[in-house]
Amino acid sequence: MAKVIALFNQSGGVGKSTLTMNLGYHLAKEKRVLLIDIDPQASLTLFMGLEPSEISETIYDAIINDIPAPIKNIGQGIDLLPSNINLSGAELELVNTDMRDYRLRDVIEKISDSYDFILIDCPPSLGLLSYISLVAADYVLVPVQTQYKSFMGTELLLQTVGRVQKRPNRQLKIAGFVPTMYSSQNSQDVRAVEAIEFQLKGIARVFPPIKRATAFADSVEKHLPLFLYDKSQPALKILDEIAQYLQELVA
Ligand SMILES: Nc1ncnc2c1ncn2[C@@H]1O[C@H](COP(=O)(O)OP(=O)(O)O)[C@@H](O)[C@H]1O
Ligand SMILES: [Mg+2]
């Protein structure tokens, strides 16, 4: 059975989708990997080279209409369960759906044997789509932007994780925190990283910060993982470290 990891932070633009994609490719060097896009904005689907508006069946149809997961093979050992804007209605529709908390978990259970790792790219909200992702996950990995404002949001985030751990998913664990978009020249960023390490290291592993680099956006534009785009990027070492840690964690 695959280990399911939700990349979760209710703030947008902290690098969730970028990290999901790149971590997916690093894990896929040795493991079978499925990426699930559960954000109606479908950034991950776009990053992986698919045009969301042209996809007829998505994660939406799997969780709402009970069809088998419409998985796309992307190449390089990676599969994608895509999203598009149809998913934006799902939160409202889910409210009155029976067993709604388990909708994504049920979809994943049926395909879990085909993978070693399933990464879920959560939307930037604390809503139902994020909630059912946490219910379906074994671990949550939290990208945190190295800014004070973003760091303040982690308390609310941890409360949500705690709420899920209390009932629908007692097994859920925090795999770690990944500081992102770090600039060592910026004293506010430096202080934020120190605060993140100090406050969060007692909860789970805090990985070294991923620096702000235009190569992330540039590689995504070409639908390439960072390591195929530019082998010299310092972030590659951190991505390997996270991938290694996740493999040891689940071994
Ligand atoms: N480390 C980084 N340095 C610079 N830009 C980044 C970095 N990580 C992500 N980005 C860019 O920031 C934007 C938001 O990233 P994204 O992964 O979509 O965030 P989220 O999924 O949290 O909304 C994208 O344009 C992406 O290319
Ligand atoms: Mg995103």
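What follows is a short exchange about a predicted model. Local features need pLDDT of at least 70 and side-chain atom pairs count only at pLDDT 80 or more, while totals for chains, interfaces and linings use all residues. Residues are numbered from 1 along each chain as its sequence is written, with chains lettered from A and ligands numbered from 1 in the order in which they are written.

Colleague: At what angle do H1 and H12 pack?

Modeller: H1 covers residues 16-27 and H12 covers residues 235-250. Helices are DSSP runs of H or I, at least four residues, and strands are E runs of at least two, numbered from the N terminus. Axes are lines fitted to C-alpha atoms, for helices over the stretch in contact, and angles run from 0 to 180 degrees between N-to-C directions. The two axes are 9 Å apart, at an angle of about 65°.

Colleague: Which residues of H12 make the contact with H1?

Modeller: Contact here requires C-beta atoms, placed from the backbone, within 7 Å. H1 brings Asn22, Leu23, His26 and Leu27. From H12 come Leu239, Asp240, Ile242, Ala243 and Leu246.

Colleague: Which residues come nearest to ligand 1?

Modeller: Near means a C-beta atom, placed from the backbone, within 6 Å. The shell has 17 residues, and H1 and H10 (214-221) each supply at least two. Nearest are Gly15, Lys16, Ser17, Thr18 and Ala217.

Colleague: Where does Asp66 lie, and is Asp66 buried or exposed?

Modeller: Phi of Asp66 is near 60°, a positive value in a residue other than glycine. Asp66 sits in the loop between H3 (59-64) and S3 (72-75). A residue is buried with 20 or more other C-beta atoms within 10 Å of its own, exposed with 12 or fewer, and partly exposed in between; C-beta atoms are placed from the backbone.

Colleague: Why does Met99 count as exposed?

Modeller: Met99 is in the loop between H4 (90-95) and H5 (103-111). Its phi is positive, about 55°, although Met99 is not a glycine. Met99 counts as exposed because its C-beta neighbours inside 10 Å number 8.

Key:
Two residues are in contact if their C-beta atoms, placed from the backbone, lie within 7 Å.
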